[in-house]
Amino acid sequence: TLSHNAPEEKRIPFFLLELRKRLVAGAYSIDKQLATFLGRPPQISWRYYDVQFPLDLSYEEILAEPKVREAAISLLDKTGWNTQGIVGQAAWMRIALLIGSTREQILELSLSRRIEDLPRKVQ
């Protein structure tokens, strides 16, 4: 979510934390897609968005009993990507988050009326 409080996270069930991450990631991605399509500034700024990538797990794995869930988590790399070569919904959501911040920066440049020093800004 947009900001997290570490002690509070420990009281929230794992599945709820992961579903929240997916919900916020979806909203962030849709915001960038709509802004691009409509040529309007995005409503959710990458400057204030605390990127919390959802783990690359299926919904079944998120909702599974702890033993099954932990086994699935153990197959992820240290950044949360699936190491089994499976490209599921969570992988696409993670990719959309990666692309979203870049898309927003491009939108910021393309929608800006301040074009002085544009080559430096593009760098």
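Reader: Which residues of helix 2 are buried?

Author: This is a predicted model, in which local features need pLDDT of at least 70 and side-chain atom pairs count only at pLDDT 80 or more, while totals for chains, interfaces and linings use all residues. Residues are numbered from 1 along each chain as its sequence is written, and side-chain values use heavy atoms, with hydrogens and water left out. A residue counts as buried under 20% relative accessible area, as exposed over 50% and as partly exposed in between, with a 1.4 Å probe and protein chains only. On that scale, the buried residues of helix 2 are L17, E18, K21, R22, V24, A25, G26, Y28, S29, D31, K32 and A35.

Reader: How far apart are the end C-alpha atoms of helix 2?

Author: Helices (H or I, at least four residues) and strands (E, at least two) are DSSP runs numbered from the N terminus, and the expected span of a helix is 1.5 Å times one less than its number of residues. Helix 2 has 25 residues and should therefore span 36 Å, which agrees with the distance in the model, its end C-alpha atoms being apart by 36 Å.

Reader: What pattern does the chain follow along the sequence?

Author: The chain has six helices and zero strands. Read along the sequence, its pattern is therefore written with helix symbols, as α-α-α-α-α-α.

Reader: What percentage of the residues of the chain count as buried?

Author: Contact here means heavy atoms within 4.5 Å, and among the contacts with a separation of 6 or more, 66% join residues 24 or more positions apart. Of the 123 residues of the chain, the share that count as buried is 27%.

**Charged pairs**

Reader: How far apart are the closest N and O atoms of E18 and K21?

Author: A salt bridge is a side-chain nitrogen of Lys or Arg within 4 Å of a carboxyl oxygen of Asp or Glu, and a search of the whole structure finds four of them. E18 and K21 both lie in helix 2, three residues apart, about one turn of the helix, and both are buried. An α-helix has 3.6 residues a turn, so residues three or four places apart point the same way. In the salt bridge of E18 with K21, the closest N and O atoms are apart by 3.1 Å.

Reader: Is E70 or R69 the buried partner, and which one is partly exposed?

Author: The side chains of E70 and R69 meet in a salt bridge, 3.9 Å from N to O. R69 has 16% relative accessibility and so counts as buried. The partly exposed residue, with a relative accessible area of 44%, is E70.

Reader: Which residues do salt bridges that share partners join into one network?

Author: K32 and D31 are both buried, and their side chains meet in a salt bridge of 2.4 Å, N to O. The network formed through shared partners joins D31, K32 and E104.

**Helix 5 and the surface**

Reader: Which helix is included in what covers the buried residues of helix 5?

Author: Helix 5 comprises residues 89–111, and its 23 residues should span 33 Å, which agrees with end C-alpha atoms 31 Å apart. Its buried residues are A90, A91, R94, L97, G100, E104 and L107. What covers them includes helix 2.

Reader: Which helix gives the most to the nonpolar patch?

Author: Patches are made of residues with over 30% relative accessible area and no salt bridge, like charges being joined within 9 Å and nonpolar side chains (Val, Leu, Ile, Met, Phe, Trp, Tyr) within 5 Å. F15, L16, L19, Y59 and L63 make a nonpolar surface patch of about 410 Å². L63 is found in helix 3 and is exposed, with a relative accessible area of 56%. With three residues, the helix that gives the most is helix 2.

**Confidence**

Reader: Which element has the lowest mean pLDDT?

Author: pLDDT is the predictor's confidence in each residue, from 0 to 100, and its mean over the chain is 83, with 84% of the residues at 70 or more. Where pLDDT is low, the predicted coordinates should not be read in detail. Helix 4 has the highest mean pLDDT among the elements (94), and the lowest (59) belongs to helix 6.

How values were computed. Accessible areas come from the Shrake-Rupley method with a 1.4 Å probe; for residues, only the protein chains shown count as cover.
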